[in-house]
Amino acid sequence: MADWKDTLNLPKTGFPMKANLQATEPQMLAHWDAIDLYRKLRDRRRGAPVFILHDGPPYANGNVHLGTALNKVLKDVVVRSRSMMGFDAPYVPGWDCHGLPIELRLLKELGPKKKDMSVADLRRACRAYAARFVDVQREQFKRLGVMGDWSDPYLTMDYRYQAAIVRALGRFVEQGMVYKGKKPVHWCIHCRTALAEAEVEYEQHTSPSIYVEFPLSPASAAELASRVPALEGQAVSALIWTTTPWTIPSNLALAFHPDALYGAYVVDGRAVIVAESLADQLSKELGRPFERPVATAKGSAFEHLRFLHPLYARDSVGVLADYVTLDTGTGVVHTAPGHGSDDFHTGVRYGLEIYAPVGGDGRFLAEVEGFAGLTVFEANPKVEAALAEAGRLWKREQFGHSYPHCWRCHNPVIFLATSQWFIGLDDTGLRAKATAETARVEWVPSWGGERMRGMFETRPDWCISRQRSWGVPIPAVTCTSCGTATLTLPLVTQAAELFEKEGAETWYERPIEDFLPAGFACPSCGGAAFEREKDILDVWFDSGSSHEAVLAVHPELRWPADLYLEGNDQYRGWFQSSMLVGLGTRGRAPYHQVVTHGMVVTEAGKKMSKSLGNDVPPEDVIRKSGAEILRLWVASVDFREEVRFGPEILARVVEAYRKLRNTLRILVANLSDFDPATDMVPPLLMDEVDRFAMARYGDLASKVMTAYERYDFPSIFQALNAFVAVDLSAFYVDVSKDRVYTLAARSRGRRSAQTAMFAMADGLARLIAPVLPVLAEEFWSHLPGTREESVHLAQFPKQVHLFRNEELESRWSRLLRLRAAVNVELEKLRQSKAIGQSLEAVVHLRGEGPLADLIEQHRDDLPGLFITSQVDEGADPPVAGVEPDAGSVYHEADGSSAHIVAEKAAGMKCDRCWRYVPAVSAAEGREGVCPRCEDALAAGR
């Protein structure tokens, strides 16, 4: 028997089956660097509509973690896809280089050496530390395949950027939005600095829970009796509940809700005031009787009354506050104006001292009797003991609750009134502008707008000062004569000019006179001697000014950006600070759209972190599987929610990648002798099965491009998976093998199939390029024909809607359903060992109704569709040699049907194409081949 293998058009390609990504990816990255792909893309898209994704700067401290990798890959997919839509989409990456984490890490490394360093020296060391990790992270981001202007990123520590930060501050100063005042702020006693709202994380914490009695001052007994006569002659006291015993020494008031009803309950001979609605609950909690009250009154009756402090010889005044709640506690709220936001505002309203006798290290000052020198948390049990000794402590127990912690050191924080710089939100109208502007921005997911608006409505004034060294100094001065702190636009302007030339370190090295405008004097006393401000700006003001420092000045960018894309923790961080700075500098948000993603969690949905020991460094995944696998995982998950990651999930992604790669390889391997310039078959001359495959591809391409536009990347992953597995592997590639392998190389039927395969291969390379840039580029380089140097210089497929044909797709979809029914019968033959493969079978069909017409119309297509040697579509059962009840009946929804019978084919097997035919050739040199193969051999290759 002759060996006909060399006469077949077998697949041939240099595109490897195995990806070997660990070697291929670095080689491809080096190739892109060598050809300067990013700059070529900028040149290619010059003059096109611009799309700007502004990079939120990651912190230049430590290695990239999985959450950062998720964020950067999402951005890269967006930028690459917009570029392939035809936009000019530059990507300028950036880094946040200032702030406490770097300063603390460096101080730890320096050890005793730090004592001999000036502030400027420490800042220079911080600068070097940040620069080192910028380089580390840059290489890690590049290894992920993220394309951008890596040679010229923006850094918040660059001189020009620092000057831009100060100039942005100047716009707020110019509008009278900045003031210095003493207010309670979140304060970390470990880091010794104020914290922004975005720098506070809420974690479970166990606090001491205490109930404390405040007796009514004898000086207010008559006044109370005049308001509540039933209490005349009674020993009256109020009961409070708190989880911060250490704030009792700072208590100056007791707050009552003005409209709530309070009762005076006789307990141990005293009339104890609590909210009437809480009396039963308190009786059970405290184990003391709160029976029928001897008197009731609204909270307003207790305003301005004096109660005795339980530890010190001073009064606590009765005040009214709408924030007093009646769901827990006693309905009477212990108020320390120096240690709480609500307490502060109440204290201001009633003219109370903003009393906070605690230092920056969290220790009580010497003036605090009984607790001087203790940290606030050390003082808790001491305060409890003192209250018990005074007979004022009713109960003490442990209480678990959500409590604010420092996001850097993860220690509990306190509220502490300190002198800080603020940007006012209400008097300036900034809060109202922010809530209104939120409605103009498009948020993805859509609930992001409501979340942001709620944050703007409830947040306090923006505390912009920090008590650290590594950041941009606030260019304010304090008069040495009267102590007035001054921050003016001329001061800001002069500082900005020097910062731009010499960097912000110059604030600590030049004489203060260099920063004072000519003739500058204290606005309060006219003094001419000043000290420089020691505080730096909040780093959120730094990063929030990035649109001014980058978008407004970079030649390839523009203000505002089209898109900000970050984790959902940035609603209280970068999105918020950027919006406020944008409103302060230009009167609007610096972005049109905001897209957020969830945090990475384990497969079980648990938090993933290094401290928990369950984090997965991206470099581990890259080392084992490749960056392309990590990118495909990013595209496969619904990033708008919590994003799960683990070995099982990764294994599924690897399998999806393998199937995609193998299918692409099959396509390109069948194009080894195809030249699209000369061999393309016009659509109207293509076989219908090829046109149907093109229609399915057209549907896929339309869906994928729409999904890219909508940031719906999981739909892209699902659609590609389905197309590769169902439309290509399970159908089109399978039914096309006979034509592609056995027909004459240049025959119309084979070229028709190759035309479809080429169009789909070319389009798929473009469609996967944003997600899988290395695979797409590697595949692109093996495709035939003249094309762009890189797939990333190309654009998405054009006019794919022209491939659609509703009538043809309907017909062929019906044929595919019939094929599935036929395959069931063929599988029965395989299971019974009657046949080994489907080419050994013949299928008998008899249709009823419209299905009969469809079968007749496609009688020549059916053998190829079923991959059988013969299809007999005209015989009426009983088929000769077949039992009348053999096979099965397939039914369509419209009532039509087809009787399907499959059996082993008769005839002789062609040695070349393996079909069973009535007869094969006996001619010399053609022995054992069918007539169709004879024609193919005669036509030559």
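**Sheets, helices and rings: a short tour**

Let me start with a pair of strands: β30 and strand β31, residues 897–904, are joined by four bridges and run antiparallel. One of the facing residue pairs there is Tyr 890 with Ala 898 of β31. Before I go on, please keep in mind that this is a predicted model.

Those two strands belong to an open sheet of four strands, ordered β29-β28-β31-β30, and the pairing is mixed. Which strands are at the edge? They are β29 (870–872) and β30 (888–891), each of which pairs on one side only. From neighbour to neighbour, the strands of this sheet are turned by 25° on average, direction ignored.

Two helices go with this sheet. Helix α26, residues 806–831, lies across β28 (841–848), β30 and β31, and runs at about 35° to β31. Helix α27, residues 850–857, packs on the sheet too and touches β28, β30 and β31. The direction of α27 makes about 135° with that of β28.

Now to another open sheet of four strands, and again the pairing is mixed: the order here is β12-β13-β8-β14. β12 (306–308) and β14 (332–335) each have a single partner strand, so one side of each is left without a neighbour in the sheet. The twist in this sheet averages 35° from one strand to the next. If you look at the β12 end, β12 pairs with strand β13, residues 315–320, in the antiparallel sense over three bridges. Phe 307 has Ser 316 in β13 as its bridge partner.

Let's turn to strand β7, residues 236–242. Is β7 largely enclosed or largely open? Six of its seven residues are buried, so the strand is largely enclosed by the rest of the structure. As for its partners, strand β6 (residues 200–215) is joined to β7 by six bridges, and the two run antiparallel. In that pairing, Tyr 211 has Trp 241 of β7 as its bridge partner. Strand β10, residues 270–275, is joined to β7 by three bridges, and here the strands run parallel. Val 236 stands opposite Ala 271 in β10.

Next, a helix pair. The axes of helix α11 (residues 430–438) and helix α12 (residues 448–458) come within 9 Å and cross at roughly 175°. With that angle, α11 is roughly antiparallel to α12. On the α11 side the contact is made by Arg 431, Ala 434, Thr 435 and Thr 438. On the α12 side we have Gly 449, Met 452, Arg 453, Phe 456, Glu 457 and Thr 458.

I'd like to stay with Thr 438 for a moment. This residue is in helix α11, and at 2% relative accessibility it counts as buried. What does Thr 438 touch, leaving aside its neighbours within four places in sequence? The contacts are Trp 443, Gly 449, Met 452, Arg 453, Phe 456 and Met 579.

Trp 443 brings us to the aromatics, as it is part of one aromatic cluster with Trp 447, Tyr 564, Tyr 571, Trp 574, Phe 575 and Tyr 591. Across the structure there are 38 aromatic pairs. Take Phe 15 and Phe 779, an edge-to-face pair with 5.6 Å centre to centre and 65° between the planes. Phe 15 lies in the segment before α1 (21–35) and Phe 779 in helix α25 (residues 773–782), so the pair ties together parts that are 764 residues apart in sequence. Both Phe 15 and Phe 779 are buried.

My other example is Tyr 179 with Phe 422: their ring centres are 5.4 Å apart and their planes are at 20°, so this pair is stacked. This one also links distant parts of the chain, with Tyr 179 in strand β4 (residues 178–188) and Phe 422 in strand β16 (residues 414–423), 243 residues apart. Tyr 179 counts as partly exposed at 26% relative accessibility, whereas Phe 422, with a relative accessible area of 2%, is buried.

Finally, two charges over rings. The charged end of Arg 82 sits over the ring of Phe 51, 4.7 Å from its centre. Likewise, Lys 909 has its charged end over the ring of Trp 914, 5.0 Å from the ring centre. Thanks, everyone, and I'm happy to go back to any of these.

Methods. Residues numbered from 1 in each chain as written. Predicted model: local features only at pLDDT ≥ 70, side-chain atom pairs only at ≥ 80, totals over all residues. Heavy atoms only, no water. Phe/Tyr/Trp six-rings, centres within 6.5 Å; stacked < 30°, edge-to-face > 60°. Buried < 20%, exposed > 50% of the residue type's maximum accessible area, 1.4 Å probe, protein only. Lys NZ or Arg CZ within 6 Å of the ring centre and 35° of its normal. Pairing = 2+ DSSP bridges. Axes fitted to C-alpha atoms, helices over the stretch in contact; angles between N-to-C directions. Contact = heavy atoms within 4.5 Å. Parallel < 35°, antiparallel > 145°, perpendicular 65-115°, else oblique.
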